[in-house]
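Visitor: I am new to this structure. Please take me through a single part, the site where the ligands sit, and go slowly over who touches what.

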Amino acid sequence: VPVIDVGAIIQDVTSPAANQAVQSIAAAASEWGFFQVVNHGVPGSLIDATWRETAGFFDRPASVKDAIMRTRDNPWGYYNNELTKNQRDKKEVFDYTTDGVDPIYASENRWPDVNDSFRQTLRAYRDAVTDLSHALLRAFCVGLDLPAGFMQSDFSKRHTGFIRLNYYPVRDPLEAANVEALPVADLGVHHHTDAGALTVLMQDDVGGLQVFRDGYWHNVEPTPGAFVINTGDMMQVWSNDIYQAAIHRVLAMEHTDRYSIPFFFNPTADTSVSPLPSVVSDERPARYKTINWSEFRGKRTDGDYADYGPEVQVAQYRI
Ligand code: OGA
Ligand code: NI
């Protein structure tokens, strides 16, 4: 998985200095669907504080976490019984999004009853990775021969991105819980693609994230100070299959607990996603029908919460 210096992109994606990084991102997004970025502009102090708050939260007693348990109607808050492809993942998560009533679920963040610094730090972190995501989005556009700001309006009013704090314990997170659950998984997260545009993920130094390419699982090596970026289903559709939404998974932890923090950068609720003009031609017609983002996302979220039948995939929208 390539490591790319994005310093020049953060400054000005259209500058000559940014050109090489833009080309590297386009190549990585099409060959791997995954890359890592350094020189990304997110302050180290904010990253350190975010890790501290994350570990502190999962360390709280079950009563604090159970009080903000996710429900089918409101996906925000804590969960320890998540399914991917209808199998139970060996993990605990905390999900939060933009402030206020979110436009897809008409529901608000559930914050734990803990020190104020938890909220403040996580909001600051969310805003920092949102800025980085906008810069990466501009690079994805230039890489498709589009003006840098071409997709901005699909994200700027109110994007539906969210952050997930992932905790992968060695023990089964449901071992002491009195709930109906599938047997514990042999994976931290089962193989999947992310549904949205792009994901900005911070992982600790334990390792376990793997991406599938050419018939093999490849480790995404922990790289100090780097973010892992991967393209999601909507980016694959927008790019008409030029950028790949790569299949990935996380191994189950056997010896050391692991933490990771993805930001899933998603368009506004009313966005209609279809292949963009620069990637559709007579020789390469549109490969997908239009997808309504809120509908797609709503279906995927249901499948994560519990088994409501086969998971929705972009392949179902192929022409
Ligand atoms: C996810 C995911 C990877 C990781 O939460 O969608 O793929 O390294 N996480 O935790
Ligand atoms: Ni993922």
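Guide: First, a term. A polar contact is a pair of N or O atoms within 3.5 Å; within protein, one must be able to donate a hydrogen and the other to accept it, and residues adjacent in sequence count only if both atoms are side-chain atoms.

This is a predicted model, where local features need pLDDT of at least 70, side-chain atom pairs count only at pLDDT 80 or more, and totals for chains, interfaces and linings use all residues. Residues are numbered from 1 along each chain as its sequence is written, chains are lettered from A and ligands numbered from 1 in the order in which they are written, and side-chain values use heavy atoms, with hydrogens and water left out.

Start with ligand 1. An N or O atom in the side chain of His-192 is 3.1 Å from an oxygen atom of this ligand. For Asp-194, the corresponding distance to an oxygen atom of ligand 1 is 3.3 Å. Tyr-168 has a polar side-chain atom 2.6 Å from an oxygen atom of ligand 1. On its own, ligand 1 has 290 Å² of accessible area, and the protein covers 96% of it (Shrake-Rupley method, 1.4 Å probe).

Now the shell. The residues around ligand 1 (a heavy atom within 4 Å) include Asn-166, Leu-201, Arg-258 and Phe-264. Strand 14 gives the largest share, four residues. Strands are DSSP runs (E, at least two residues), numbered from the N terminus. Strand 7 (162–168) and strand 13 (248–251) also give two or more residues each.

Next, the metal. The nickel ion is ligand 2, and its donors are His-192 (NE2), Asp-194 (OD) and His-248 (NE2), at 2.1 to 2.2 Å. Donors are N, O and S atoms within 2.8 Å of the metal (3.2 Å for Na, K and Ca); water is not among the atoms, so sites may look incomplete. Along the sequence, the spacing of the donor residues is H-x1-D-x53-H.

Last, look behind Asp-194. The side chain of Asn-230 makes a polar contact with the side chain of Asp-194, at 3.1 Å. Asn-230 lies in strand 12 (residues 227–231). Asn-230 is buried, with a relative accessible area of 3%. Beyond its neighbours within four places in sequence, Asn-230 is in contact (heavy atoms within 4.5 Å) with residues including Phe-34, Leu-198 and His-248.

Methods
Buried < 20%, exposed > 50% of the residue type's maximum accessible area, 1.4 Å probe, protein only.
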